[in-house]
Amino acid sequence: MRAACDTDLMRRLVSSVVVALGLVGTGLAAFPAPALAAGKKICTIQDSKLDELSGLVATSSGYITINDSSESSSRKRVFYLDGRCGVSRNVQYTGAGPRDTEDLAVSPDAKTLWIADTGDNPESSERRSSVALWNMPIGGGSRPVLHRVSYPGGKHFDAEALLVGANNTPIIITKTAGKAELYSPSAALKANNDTPVPLKKVGDVTLPKTETNNPFGAVGRLTVTGA
């Protein structure tokens, strides 16, 4: 059976909650939520290797996407799609690759792709001592570079959303019901580091009440799972 992903549904899920946020200490401006037009189906992803998409960004020629956590090396890659959602190529990670990728973000200058390897299921018996951020040229000219980071005070969070600030600093948003927390590196990131760079809390965000339809019901309206 071929896995299929409806990009129209994905676009509607991503745009279903547009929030005017006052993000404390992040340097991000807050803007009014624009009026949203009804989504239009562009294409359907049918490649069997893309069976659990967890991040999607649009480019001038198509899309870039990643799977959620996977033990298969053929699925643990950065996938480039053409305008019809066909896989045009993929890029492998360095080393053993990521543990649990959750989101993608593009730098403000549109030159760098950031990958959030920040999944940490609270039900797991082995919580992560550090999470990771990967980056690479958006054109895919070289493999993603690993940057390990850790939450302050030995805290653990499951995080599925990533933003990149105007100063090209990544901002991780935790997946917590009610008030989500925002974290950013407290110092310059280091490549392929064993000792993680500490994160610092830079803000909070609480989603407003909404009745927006989504496949996950109330849970899908209470937690931040993409940015």
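**Salt bridges, sheet, rings and disulfide**

E160 is buried, with a relative accessible area of 13%; buried means under 20% relative accessible area, exposed over 50%, and partly exposed in between, computed with a 1.4 Å probe on protein chains only. The model is a predicted one, in which local features need pLDDT of at least 70 and side-chain atom pairs count only at pLDDT 80 or more, while totals for chains, interfaces and linings use all residues. Residues are numbered from 1 along each chain as its sequence is written, and side-chain values use heavy atoms, with hydrogens and water left out.

The side chain of E160 meets that of K175 in a salt bridge of 3.2 Å, N to O. A salt bridge is a side-chain nitrogen of Lys or Arg within 4 Å of a carboxyl oxygen of Asp or Glu. This pair links distant parts of the chain, 15 residues apart: E160 is in strand β11 (residues 159-164), and K175 is in the loop between β12 (170-174) and β13. Helices (H or I, at least four residues) and strands (E, at least two) are DSSP runs, numbered from the N terminus. K175 is partly exposed, at a relative accessible area of 31%.

The whole structure holds eight salt bridges. One of them joins D117 to R128, with the closest N and O atoms 3.3 Å apart. D117 belongs to strand β8 (residues 112-117) and R128 to the loop between β8 and β9, 11 residues apart. Both ends are buried: D117 has a relative accessible area of 3%, and R128 has one of 8%.

R148 and D194 form another salt bridge, in which the closest N and O atoms are 3.9 Å apart. Here the partners are 46 residues apart, R148 in strand β10 (residues 145-150) and D194 in the loop between β13 (179-185) and β14 (197-206). R148 is partly exposed, with a relative accessible area of 26%, whereas D194 counts as exposed at 70% relative accessibility. Elsewhere, salt bridges link E181, K201 and D204 in a network.

At the β7 end, β7 and β8 run antiparallel and are joined by four bridges. A105 has W114 in β8 as its bridge partner. The hairpin of β7 and β8 has five residues between the strands, and in it A110 takes a positive phi near 60°. By contrast, β10 and β14 pair in the parallel sense over two bridges. S150 stands opposite P198 in β14.

Next come the rings. The structure holds four aromatic pairs; rings of Phe, Tyr and Trp (its six-membered ring) pair if their centres lie within 6.5 Å, and planes under 30 degrees apart count as stacked, over 60 as edge-to-face and the rest as tilted. Y93 and W134 form an edge-to-face pair, 5.0 Å centre to centre with 75° between the planes. Y93 lies in the loop between β6 (87-92) and β7 (103-106) and W134 in strand β9 (residues 131-137), so the pair ties together parts 41 residues apart in sequence. Y93 is buried at a relative accessible area of 6%, and W134 is buried at 2%.

The rings of Y151 and F157 have centres 5.0 Å apart and planes at 70°, so this pair is edge-to-face. Both residues, Y151 and F157, are buried. Ring pairs link Y151, F157 and Y183 into a cluster.

Finally, the structure has one disulfide, a disulfide being a pair of cysteine sulfur atoms within 2.5 Å. It joins C43 to C85, S to S 2.0 Å. The link of C43 and C85 is right-handed, with 50° about the S-S bond. C43 lies in the loop between α1 (7-15) and β2 (44-45) and C85 in the loop between β5 (77-81) and β6, so the pair ties together parts 42 residues apart in sequence. Both C43 and C85 are buried.

Technical notes
Two strands pair if DSSP finds at least two bridges between them.
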